[in-house]
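Please work through each task before reading its solution.

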Amino acid sequence: MIYLLRHGEITGASTKRFIGQTDVGLSRAGLAQAGFWQDYFLKIHIGRVFTSPLSRAVRTAKIVSGLEMNQITVKDELKEIDLGQWDGKTFKQIKEKYPDQWTKRGNDLTGYRPPLGESFSDLYERIIPVFHGISSENPGNILIVAHAGVNRMILCSLLNKDLKDLFTIPQKYGCLNMIGNEKNKLQVQEVNLVPGEL
């Protein structure tokens, strides 16, 4: 089984802003979410753990797995989408400062690149080969801790969804997705399980 986990809630989560590769930590709620999954995974043998290098994912991976960093594989490719000059700014700031760009993004969600950033199509091309490499090279149970955008790319691919429908796949903070990996045949079994639902 591949356990694909979104990191826990971040500090300042109540403010609607673009958080791509800006490095922010976990909130108290995020730490509690990671703690819930730590208890859950005590009953499951995890062979390998992979994480994005961003601290919110690393901290989640360490708490959930109970492992030290030298036992966790960090993959740069699992970073969240690079939002360039938009990263860290609120939705309100972007709408006011870059109204034309905001409209362009709304008209082309998958292909639009913020200045100096990536599009969702770029993110897809970055993530999917790495995910398939991880899944094909690691039999047994593995844990991948990543981000909403990253997880949605993987799930879109496996569910044969068009990228333009990526936001129809819910990915709450601290949610778990379960992907069967029998004989390299990948099958999504659960999506967006949140602490308390198991």
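**Exercise 1.** Does Phe41 count as buried or exposed?

*Solution.* The model is predicted: local features need pLDDT of at least 70 and side-chain atom pairs pLDDT 80 or more, whereas totals for chains, interfaces and linings use all residues. Residues are numbered from 1 along each chain as its sequence is written, and side-chain values use heavy atoms, without hydrogens and water. Buried means under 20% relative accessible area, exposed over 50%, and partly exposed in between (1.4 Å probe, protein chains only). Phe41 has 6% relative accessibility and therefore counts as buried.

**Exercise 2.** Classify the aromatic pair of Tyr3 and Phe41.

*Solution.* Rings of Phe, Tyr and Trp (its six-membered ring) pair if their centres lie within 6.5 Å; planes under 30 degrees apart count as stacked, over 60 as edge-to-face and the rest as tilted. The structure holds 13 aromatic pairs. In one of them, Tyr3 and Phe41 lie 5.0 Å apart centre to centre with 90 degrees between the planes, an edge-to-face arrangement. This pair links distant parts of the chain, 38 residues apart: Tyr3 belongs to strand β1 (residues 2-6) and Phe41 to helix α1 (residues 28-41). Helices (H or I, at least four residues) and strands (E, at least two) are DSSP runs, numbered from the N terminus. Tyr3 is buried, at 6% relative accessibility.

**Exercise 3.** Why is the pair of Trp86 and Trp102 stacked?

*Solution.* The ring centres of Trp86 and Trp102 are 6.3 Å apart and their planes are at 25 degrees, so the pair is stacked. Trp86 is buried, with a relative accessible area of 0%, while Trp102 is partly exposed at 24%.
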